[in-house]
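Colleague: I am new to this structure and would like to go through it by question and answer. Please show it first.

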Amino acid sequence: MRRRDLLSPGFIYYALLTLFLYAPILLLILFSFNDGRSLTFPLKGFTLKWYEELLGARELLDALGNSLVLGLASSVVATALGTLAAIGIARFNFPGRSAFLAVAAMPMVIPYVVLGVALLILFKTINPDAPLSLWTVGVGHVVINIPYAMLIVASRLAGFEANLEEAAMDLGLTYWGTLMRVTLPISAPAILSAFLSSFTTSFDEFAVSFFLIGTESTLPIYLYSQLRFPSRLPLVVTLAALVMIGSVLIVVFAEWLRRVGQPAARKGDL
Amino acid sequence: MEHRGRIAVLMTPPVLWLVLLFLLPMAIMALFSFRAGTFGAERDIFTLEHYREFFQNAGFQRLLWQSAVTALLTSAFSILLAYPIAYFLAFRARSMQLTLLTILIVPAWTSYLLRILAWKLILGSNGLLNSFLLSAGLIEEAAPILLYSRAAVVVTLVYVWIPFVTLPIFSALQRIDRSLLEAAADLGCAPWEVFLRVTLPLSLPGVVAGFFFVFIPTLGEWVTPSFVGGVEGTMYGNLIQDQFVRALNWPLGSLMSLVMLILVIVQIFIFSRVVRLSDLAGV
């Protein structure tokens, strides 16, 4: 783009809209450093005390720990199941393949409230006294993340001809040996990218967790419960700022991974 | 034949998970809508009572209708705001295209819940927008601007969806053969005629995709309205949530949820038809 383009109506509109998209996030970060209990202008001065208070907030740290464990565990399962399905649909044609694709894509479009209540009913039908827990939330998160993991890995596999695998088998590897030593290594960047995408989704997930959580708390559930207390708002904002920054870093890393080794990336693009 | 074993090993775990923990719960939910009550003996009686209640209660239907209107407004505003961005990126941004697109998309990947939270804080009567306007001398006294209204729900959701709508429109515009635009200009079309008669029709598949991307999930929203919507902004999703959390009428809630599920499936069916048709029309 030349300098003249920066003053074009198109670019000015782009810049304004982008500012609109970033403004709420930047405001959260700005107010996490504000030395005042209320979230109002004018700013009161710079402080790090909210960050210090965060470190002492026991329940909050518990919720953070729960979210990390939940995110890791549910993403490992979702990524493993999604990868198996991706290899199946990318490398084989079988009866029921398109029916499977239709069902596997559904969690992406079903409203989360429907998924949440359906799983709640399932768990209570199996055992009315069964306590809800992080386990039940995890089941929901795996269902949500299978389609995304599957699509990310399948699109990576579609970029490579199956003849690499055929060559390995011609050279004497068994099918499963080929899977371990060719197919999975080829897919590795996409598998990691699918894992990170599942993790960020799980870490942020509220609509399904709300129905399936018991007495424990995840970070979004904890944040929601704190909204009723105005005096807790600065802490909520500070935590929000930290999570925002963390998730941007993870997303940029995941996107970078997805592009690394992508065949025929044009140099001028980035 | 050896393929069959491989397919079985690869596909059995994901198929089992989706059947037992996705399809089965939906089926149990559908059955639950026939139960008389949530707990105890009532639970084992089957009845059509909730169906009667649902279809006779005008309040439920009104809320469903209002949610559809909210979803429609959200989709329309998202498309209107996103289209010029997509057009700019596809036709004007040149070498900066991918960078500018990435910058636009990054906020969409940050926490959805926290961005809604940010809007609640911005719109509130002790909130950022008010105090900013007050200290700038633009208003005299604090009042909740927008908060706890349907407008607040629409504004917040439009904010959330803009990047998601930009993508399909952008890729539809990218696919347009540039020589068609030159041909139209050579044949005497003014720039706005080229846009209205060539570019816009050819980008419609992307617009339709963007519309459904927003409309379907917005129809089932319950988190955003419970943050910023107040009583006026309540949506059908909140009604479902309420049956499970407060009213504890699970059978009725299951029925409402089932209605939502069927509506979504119908929309996806329509979507798959419309987009394929317009793709054909575009060739």
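This is a predicted model: local features need pLDDT of at least 70, side-chain atom pairs count only at pLDDT 80 or more; totals for chains, interfaces and linings use all residues.

Colleague: What percentage of the residues in chain A is buried?

Modeller: The C-alpha atoms of chain A fill a box of roughly 70 × 70 × 30 Å along the principal axes. Among contacts in chain A between residues at least 6 apart in sequence, 78% join residues at least 24 apart. Chain A has 270 residues, and the buried share of them is 43%.

Colleague: How far apart are the C-alpha centres of the two domains of chain A?

Modeller: Chain A is divided into domain 1, residues 1–32, and domain 2, residues 51–269. Their contact takes five residues from domain 1 of chain A and five residues from domain 2 of chain A. On the domain 1 side, these residues divide into four nonpolar, one polar and no charged. The C-alpha centres of the two domains of chain A lie apart by 30 Å.

Colleague: Which helix of chain B gives the most to the side that touches chain A?

Modeller: The contact takes 71 residues from chain B and 63 residues from chain A. On the side of chain B, the residues divide into 53 nonpolar, 14 polar and four charged. With 19 residues, the helix that gives the most to that side is α1 of chain B, residues 2–32.

Colleague: Which residues touch the most other members of the largest nonpolar core?

Modeller: The largest nonpolar core has 149 residues. This core draws at least three residues from each of domain 1 and domain 2 of chain A. The residues that touch the most other members are A:Val117, A:Ile146, A:Val153, A:Ala240 and B:Ala86.

Colleague: Which residues does B:Ala86 touch, not counting residues up to four places away in sequence?

Modeller: B:Ala86 is one of the core residues that touch the most other members. Leaving out residues up to four places away in sequence, B:Ala86 touches B:Thr166, B:Ile169, B:Phe170 and B:Leu173.

Colleague: At what angle do α3 and α9 of chain B pack?

Modeller: Helix α3 of chain B spans residues 58–92, helix α9 of chain B spans residues 191–219, and their axes are 9 Å apart. The contact includes B:Ser67 and B:Ala71 of α3(B), and B:Gly210 and B:Phe211 of α9(B). Its residues divide into ten nonpolar, seven polar and no charged. α3(B) passes α9(B) in a right-handed crossing, and the packing angle is about 145 degrees.

Colleague: How many of the eight residues of helix α11 of chain A are buried?

Modeller: Helix α11 of chain A spans residues 219–226 and is mostly covered. A:Leu219, A:Pro220, A:Ile221, A:Tyr222, A:Leu223 and A:Tyr224 are buried. Of the eight residues in α11(A), the buried ones number six.

Colleague: Is B:Pro225 buried or exposed?

Modeller: B:Pro225 has its place in helix α10 of chain B, residues 223–229. Not counting residues up to four places away in sequence, B:Pro225 touches B:Val153, B:Gly233, B:Thr234, B:Met235 and B:Asn238. Because 27 other C-beta atoms lie within 10 Å, B:Pro225 is buried.

Colleague: Where in chain B does B:Leu248 lie, and is B:Leu248 exposed or partly exposed?

Modeller: B:Leu248 lies in the loop between α11 (236–245) and α12 (250–282) of chain B. B:Leu248 has a positive phi of about 50 degrees although it is not a glycine. Because B:Leu248 has 13 C-beta neighbours inside 10 Å, B:Leu248 counts as partly exposed.

Technical notes
Residues are numbered from 1 along each chain as its sequence is written. Chains are lettered from A and ligands numbered from 1 in the order in which they are written. Axes are lines fitted to C-alpha atoms, for helices over the stretch in contact, and angles run from 0 to 180 degrees between N-to-C directions. Helices (H or I, at least four residues) and strands (E, at least two) are DSSP runs, numbered from the N terminus. A crossing is left-handed if the near helix is turned anticlockwise from the far one by less than a right angle, and right-handed if clockwise. Two residues are in contact if their C-beta atoms, placed from the backbone, lie within 7 Å. Ala, Val, Leu, Ile, Met, Phe, Trp, Tyr, Cys and Pro count as nonpolar, Asp, Glu, Lys and Arg as charged, and the others, Gly among them, as polar. Domain bounds come from an automatic or database domain assignment. A nonpolar core is a set of buried Ala, Val, Leu, Ile, Met, Phe, Trp, Tyr and Cys residues joined through C-beta atoms within 7 Å. A residue is buried if 20 or more other C-beta atoms lie within 10 Å of its own, exposed if 12 or fewer, and partly exposed in between; C-beta atoms are placed from the backbone.
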